[in-house]
Amino acid sequence: MIRKETVLVPIDSRDEIAALLRGALADAPAEQRPGLERALQLVEAVRHDDASLKARYARRLLQQEGVDPDADQVRAIRVLRQRIPGLGLAAATDLARHARG
């Protein structure tokens, strides 16, 4: 039997945002440059990897349901499977693991 399972693919659009800010900065009048430069510095300072993106996403979902993934891993897995249609047990377990402190 073939089962379809939801796969989460973290998306990091930081590069696209930085490119937009660089383009805006190139054409910006002098009074807007300091704000755009600061925004670009902030975007470039953010570093994400797949694990941290998954962890933040899972924590947000679990927090909305009042679930502490450190205290109740089984409930966390169940809630994640309810909140994300098609999420299989293995993927939910992995996501719950990322959500732990």
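How are H3 and H5 oriented to each other?

**View 1. Packing of helices H3 and H5 in the predicted model.** Helix H3 covers residues 50-64 and helix H5 covers residues 89-99. The angle between them is about 90°, and their axes lie 7 Å apart. Because angles of 65 to 115 degrees count as roughly perpendicular, H3 and H5 are described as roughly perpendicular to each other.

**View 2. Residues at the contact of H3 with H5.** From H3, the contact is made by Ala-51, Lys-54, Ala-55, Ala-58, Arg-59 and Leu-62. H5 contributes Asp-94, Leu-95, His-98 and Ala-99. By class, the residues of this contact are six nonpolar, one polar and three charged.

View 3. His-98 has a relative accessible area of 15%. Buried means under 20%, so His-98 is buried. Apart from neighbours within four places in sequence, His-98 is in contact with Ala-51, Lys-54, Ala-55 and Arg-59.

**View 4. The largest nonpolar core.** This core has 14 residues, of which Leu-62, Leu-80, Leu-87 and Leu-95 touch the most other members. At least two residues of the core come from each of H3, helix H4 (73-83) and H5.

**View 5. Contacts of Leu-80.** With neighbours within four places in sequence set aside, Leu-80 is in contact with Ala-58, Leu-61, Leu-62, Leu-87, Ala-92, Leu-95 and Ala-96.

**View 6. A second, separate core.** This core consists of seven residues, among them Leu-21, Leu-36, Leu-40 and Val-43.

How values were computed
Residues numbered from 1 in each chain as written. Predicted model: local features only at pLDDT ≥ 70, side-chain atom pairs only at ≥ 80, totals over all residues. Heavy atoms only, no water. Axes fitted to C-alpha atoms, helices over the stretch in contact; angles between N-to-C directions. Helix = DSSP H or I, 4+ residues; strand = E, 2+ residues; numbered from the N terminus. Parallel < 35°, antiparallel > 145°, perpendicular 65-115°, else oblique. Contact = heavy atoms within 4.5 Å. Nonpolar A, V, L, I, M, F, W, Y, C, P; charged D, E, K, R; others polar. Buried < 20%, exposed > 50% of the residue type's maximum accessible area, 1.4 Å probe, protein only. Core = buried A, V, L, I, M, F, W, Y, C linked by side-chain atoms within 4.5 Å.
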